[in-house]
Amino acid sequence: MIRLALLLVLSLPAAAQEGLRYRMQVWMRGDSAPMETRFRLVATEGTTSHNRVKKPRMGGWRLEADRTQGTPYSQALLLGRAERLLYLAGPSPQTHAEPIALRFGNRSVPVWSLEVPGGLHASTVLVEVAPGLLALCDLSARFEKGDLARIELHLESLDGTGSLAPAEAGTVLLSTLRAWAREGQEPEESASVR
């Protein structure tokens, strides 16, 4: 019994560290230095319905900022933007497998491309973090008008992907890219689909 309790206590920090670690930088027009944060995307369990028929529900995610790094007092603002820029879902019609892989530590993951709407100065790369599960790896976007000049979002490490599953709002990045292309600049509210 004591061994089991000790094993559970020792395994908690490892499980708590699971997720995808990202670095985000945002340049506002006229600013020479970017606002920056590092955060972890952690999977959350799916919701359970109270209906008679229990259909499987997709989970979600939550973002946890590393408050020791980045621009002081900007984490909430940056995480609010980051929620609209992520992809954690299966392949969609806009995604295409590429014949290359990226290495994260000792792990090699397949690369997928994501179509970007025409007229948008953006590039995206997805990686397959689990069989049939794609996650955003890199996003780079520049804007010619508006307060926002540039956004960079990069996956820095895979801290464990065993608990990751497609998220209910896992394709929110697609809506954001379409809104950016429609408006020609970063939208404030139209892309908050979560």
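How many bridges pair strand 1 with strand 9, and in which sense? I looked, and strand 1 (residues 20-28) runs antiparallel to strand 9 over nine bridges. Two strands count as paired if DSSP finds at least two bridges between them. I checked one spot: Tyr-22 has Leu-155 of strand 9 as its bridge partner.

Before going on, I noted that this is a predicted model, where local features need pLDDT of at least 70, side-chain atom pairs count only at pLDDT 80 or more, and totals for chains, interfaces and linings use all residues. Residues are numbered from 1 along each chain as its sequence is written, and side-chain values use heavy atoms, with hydrogens and water left out.

**Overview.** I found three helices and nine strands in the protein chain. These are DSSP runs numbered from the N terminus (helices: H or I, at least four residues; strands: E, at least two). From the N terminus on, I read the order as α-β-β-β-α-β-β-β-β-β-β-α. Of the 194 residues, 39% count as buried, meaning under 20% relative accessible area with a 1.4 Å probe, protein chains only (exposed is over 50%, partly exposed in between).

**Strands 8 and 9.** I followed strand 9 to its other partner here, strand 8: five bridges join the two, antiparallel. Leu-139 stands opposite Leu-153 in strand 9. The two strands form a hairpin with five residues between them, and Gly-146 in the turn has a positive phi of about 95 degrees.

**Leu-134.** I picked this residue in strand 8. Is Leu-134 buried or exposed? It's buried, with a relative accessible area of 0%. Leaving aside neighbours within four places in sequence, I listed its contacts (heavy atoms within 4.5 Å); among them are Tyr-87, Pro-91, Trp-112 and Leu-126. Ser-92 is 42 residues from Leu-134 in sequence and 9.6 Å away in space, C-alpha to C-alpha.

**Helix 2.** In residues 75-82 I marked Gln-75, Leu-78, Leu-79, Arg-81 and Ala-82 as buried. Seen down the axis, the buried residues fall within an arc of 160 degrees, so they line one face of helix 2. The arc is taken from the directions from the helix axis to the C-beta atoms. Their cover includes strand 1, strand 2 (35-44), strand 3 and strand 9.

**Helix 3.** The buried residues of helix 3 include Val-172, Leu-173, Leu-177 and Trp-180. Strands 8 and 9 turn up again here: both are among what covers the buried residues of helix 3.
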